[in-house]
Amino acid sequence: MDRILVTGGAGFIGSHLCERLIRDGGDVICLDNYFTGNKNNVRHLLSNDRFELVRHDVTTPYYAEVDKIFNLACPASPVNYQYNPIKTLKTSIYGALNMLGLAKRVNASILQASTSEVYGDPSIHPQVETYWGNVNPIGIRSCYDEGKRAAETLFMDYRRQHNIKIKIIRIFNTYGPRMDMKDGRVVSNFIVQALTGQNITIYGDGSQTRSFQYVDDLIEGMIRMMNTGDEFTGPVNIGNPDEFSMLQLADTVIRLTGSRSKIVFEPLPQDDPRQRKPDISLACERLDGWRPAVKLEEGLKKTIEYFDQLLGNRLKENK
């Protein structure tokens, strides 16, 4: 039985990962400081003997005997990471240092959850892992973009200097149940606005594109990446290459929710990428034939159902 540490384990993605690892027979320590994570995301796991929840901030060292580490801890939405940009940068860098130090101490394999944001506003399309990116190092998004880039550097240097067993994945836009309805991400924004009858806000003219990956597909990719041989470190893109404009996404959400919401336009935020689409050739080749299985409408229906139930429960609580 593998003993596995998941930092940021009470977050949206982390909670799904903990659930999957336990289902696969792992013994899981979930580490979270609840800055953006939520205990409700893992409450259903608390009664499981193979799950342990620890409140801890990865900017300070943590000690445990583990076989594998998934380093997910870091606020990932612009609303959250811009709230305290210095804290965000410290989480990426100190968190990576502390977890790499732990991996070195106990000889554990460690996976870094990096991001497509390392590509910045890309000048090539789709994005391949060999592309170095087009990132503004002093912009309002830099705390997240550059923090993740620095973490990748640390992982590769620990590999070269200490022969640590590392894995790096670059996560593209991911959605699904347990997203925070106030985190400012486009899928949660559009769904909540549609369900509550608000105007749906599109920043820019709506022609900018994203590729949306359902969370189950991401978790499958993460598990397969961790299980590859020690010689394959990545980085590797994990995302869905199906590309949609913001207008297409808004129209789809309105149709699936049956909402009467209207679309309104606001100025595009600073450094917001115009295009984002992964080249997943490397993942398909090295991760045992992995490729996304959940189509956008199928995933949106599950996510809409989650938010509809969440909003209904909150309405009952306020009565």
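Reader: In this predicted model, is Gly 176 buried or exposed, and what is its relative accessible area?
Author: Gly 176 lies in the loop between strand 7 and helix 5 (186–195). A residue counts as buried under 20% relative accessible area. Gly 176 is buried, and its relative accessible area is 0%.

Reader: Which residues does Gly 176 touch, not counting residues up to four places away in sequence?
Author: Gly 176 and His 16 are 160 residues apart in sequence, yet their C-alpha atoms are 9.8 Å apart in space. With residues up to four places away in sequence not counted, the residues that Gly 176 touches are Phe 12, Tyr 214, Val 215 and Thr 303.

Reader: How many of the 12 residues of helix 1 are buried?
Author: The buried residues of helix 1 (residues 12–23) include Phe 12, His 16, Leu 17 and Arg 20. Among the elements that cover them are strand 1, strand 4, strand 7 (174–175) and helix 6 (215–226). Helix 1 is largely enclosed by the rest of the structure, because the number of its 12 residues that are buried is 10.

Reader: How far does helix 1 reach from its first C-alpha to its last?
Author: Helix 1 has 12 residues, and 16 Å is expected at 1.5 Å a residue. Just after the helix, Gly 25 takes a positive phi of about 100°.

Reader: At roughly what angle do the axes of helix 1 and helix 6 cross?
Author: The residues of helix 1 that meet helix 6 are Phe 12, Ile 13, His 16, Leu 17, Arg 20 and Leu 21. Among their counterparts in helix 6 are Val 215, Leu 218, Ile 219 and Met 222. The crossing is right-handed. The axes come within 10 Å and cross at roughly 60°.

Reader: Is helix 1 roughly parallel or oblique to helix 6, given that their axes cross at roughly 60°?
Author: The axes of the two helices cross at roughly 60°.

Reader: What is the order of the seven strands in the open sheet?
Author: Strand 1 (residues 3–7) and strand 4 run parallel and are joined by four bridges. Four bridges also join strand 4 to strand 5 (residues 109–115), again in parallel. Five bridges join strand 2 to strand 3, which run parallel. The open sheet of seven strands has parallel pairing and the order 3-2-1-4-5-6-11.

Reader: Which strands stand at the edges of this sheet?
Author: The order of the sheet is 3-2-1-4-5-6-11. Each edge strand has a single partner strand, so one side of each is left without a neighbour in the sheet; the edge strands are strand 3 and strand 11 (236–238).

Reader: In strand 5, which residue is the bridge partner of Asn 71?
Author: Lys 68 and Phe 70 point one way from strand 4 (residues 68–71), while Ile 69 and Asn 71 point the other way, and all are buried. In strand 5, the bridge partner of Asn 71 is Gln 112.

Reader: About what angle does the direction of helix 3 make with that of strand 4?
Author: Helix 3 (residues 85–106) packs on the sheet and touches strand 1, strand 4, strand 5 and strand 6 (166–171). The buried residues of helix 3, including Ser 92, Ala 96 and Leu 100, pack against these strands, helix 2 (78–81) and helix 4. The direction of helix 3 makes with that of strand 4 an angle of about 175°.

Reader: Which handedness, left-handed or right-handed, has the crossing of helix 3 and helix 4?
Author: Among the residues of helix 3 that meet helix 4 are Leu 89, Ile 93 and Leu 97, and the residues they face in helix 4 include Tyr 144, Leu 154 and Phe 155. The axes come within 8 Å and cross at roughly 15°. That angle makes helix 3 roughly parallel to helix 4. The crossing of the two helices is right-handed.

How values were computed:
Residues are numbered from 1 along each chain as its sequence is written. This is a predicted model: local features need pLDDT of at least 70, side-chain atom pairs count only at pLDDT 80 or more; totals for chains, interfaces and linings use all residues. Side-chain values use heavy atoms; hydrogens and water are left out. Buried means under 20% relative accessible area, exposed over 50%, partly exposed in between (1.4 Å probe, protein chains only). Two strands pair if DSSP finds at least two bridges between them. The expected span of a helix is 1.5 Å times one less than its number of residues. Contact means heavy atoms within 4.5 Å. Axes are lines fitted to C-alpha atoms, for helices over the stretch in contact, and angles run from 0 to 180 degrees between N-to-C directions. Angles under 35 degrees count as roughly parallel, over 145 as roughly antiparallel, 65 to 115 as roughly perpendicular and the rest as oblique. A crossing is left-handed if the near helix is turned anticlockwise from the far one by less than a right angle, and right-handed if clockwise.
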